[in-house]
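Please look over the sequence and the model shown here. A short report follows, topic by topic.

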Amino acid sequence: MSHDLFLAAKTAMAKAYAPYSKFPVGAALRTADGKIYSGANIEVASYPEGWCAETTALGHYIMGGGGKITEIAVVAERMPRVTPCGGCRQRLAEFAQADTRLHLCDETGVVQTVTMGEMLPYGFAGDMLK
Ligand code: THU
């Protein structure tokens, strides 16, 4: 992965609104047309109403035109290697492929790279509804 995707996730993390958990997270998605979409977690005083960094990034991705996601980076300020929560694995899998690379980062860069298929094995998918 080029360092720019990690830097986009880290820059997004700096914009996190996480006054309750004090756990800022950043995520960035790269698409085949070369665009990068990023996002941070946004918390709400009614805790269950907040949402994750990956979800913010996916909102930007959709509004920016979508397309094939080629790689994803996630970083958290207070974790040596953050992994997306279960709900975000499902949301990312909606738009990525099983072989899409997911870079798990710390504050200095990529710590581990896995695939979406490894992150969400046996996941429920839209083609099962057909
Ligand atoms: N969080 C994310 O943004 N992404 C994840 O994959 C894990 C959790 C956020 C949600 C909440 O604002 C904070 O981290 C603590 O759970």
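## Ground rules

A residue is called buried when its relative accessible area is under 20%, exposed when that area is over 50%, and partly exposed in between, using a 1.4 Å probe and protein chains only. By that rule, methionine 116 is buried, with a relative accessible area of 4%.

The model is predicted: local features need pLDDT of at least 70, side-chain atom pairs count only at pLDDT 80 or more, and totals for chains, interfaces and linings use all residues. Residues are numbered from 1 along each chain as its sequence is written, and side-chain values use heavy atoms, with hydrogens and water left out.

## The sheet

Helices (H or I, at least four residues) and strands (E, at least two) are DSSP runs, numbered from the N terminus. Two strands pair if DSSP finds at least two bridges between them. Five strands form an open sheet in the order β2-β1-β3-β4-β5, and the pairing is mixed. Neighbouring strands are turned by 20° against each other on average, direction ignored. Such angles run from 0 to 180 degrees between N-to-C directions, with axes as lines fitted to C-alpha atoms, for helices over the stretch in contact.

Strands of a sheet pair through backbone hydrogen bonds, either parallel or antiparallel. Here β1 (residues 25-31) and β3 (residues 69-76) run antiparallel, joined by seven bridges. Glycine 26 has valine 75 of β3 as its bridge partner. Alanine 27 is partnered with valine 74 in β3. Five bridges link β3 to β4 (residues 101-106), and these two run parallel. Alanine 73 stands opposite histidine 103 in β4.

## Covered positions

How many of the eight residues of β3 are buried? Seven are, so β3 is mostly covered by the burial definition. Helix α2 (residues 53-63) lies across β1, β2 and β3 and runs at about 140° to β2.

Arginine 30 sits in strand β1. It is buried, at 12% relative accessible area. Its side chain makes a polar contact of 2.8 Å with that of glutamate 71. A polar contact is a pair of N or O atoms within 3.5 Å; within protein, one must be able to donate a hydrogen and the other to accept it, and residues adjacent in sequence count only if both atoms are side-chain atoms.

Methionine 116 belongs to helix α4 (residues 116-119). Contact means heavy atoms within 4.5 Å. Leaving out residues up to four places away in sequence, methionine 116 touches several residues, including Ile72, Arg89, Leu92 and Leu102. Histidine 103 is 13 residues from methionine 116 in sequence and 9.9 Å away in space, C-alpha to C-alpha.

A disulfide is counted when two cysteine sulfur atoms lie within 2.5 Å. The whole structure has zero disulfides. Cysteine 52 is partly exposed at 28% relative accessible area. Cysteine 88 is buried at 0%.

## Around the ligand

A residue is near a molecule if one of its heavy atoms lies within 4 Å of it. Residues surrounding the ligand include Ser21, Phe23, Val25, Cys52, Thr83 and Cys85. Which polar side-chain atoms lie by its oxygen atoms? Asparagine 41 has one 2.9 Å from a ligand oxygen. For glutamate 43, a side-chain N or O atom is 2.5 Å from a ligand oxygen. For glutamate 54, the distance from a polar side-chain atom to a ligand oxygen is 2.7 Å.
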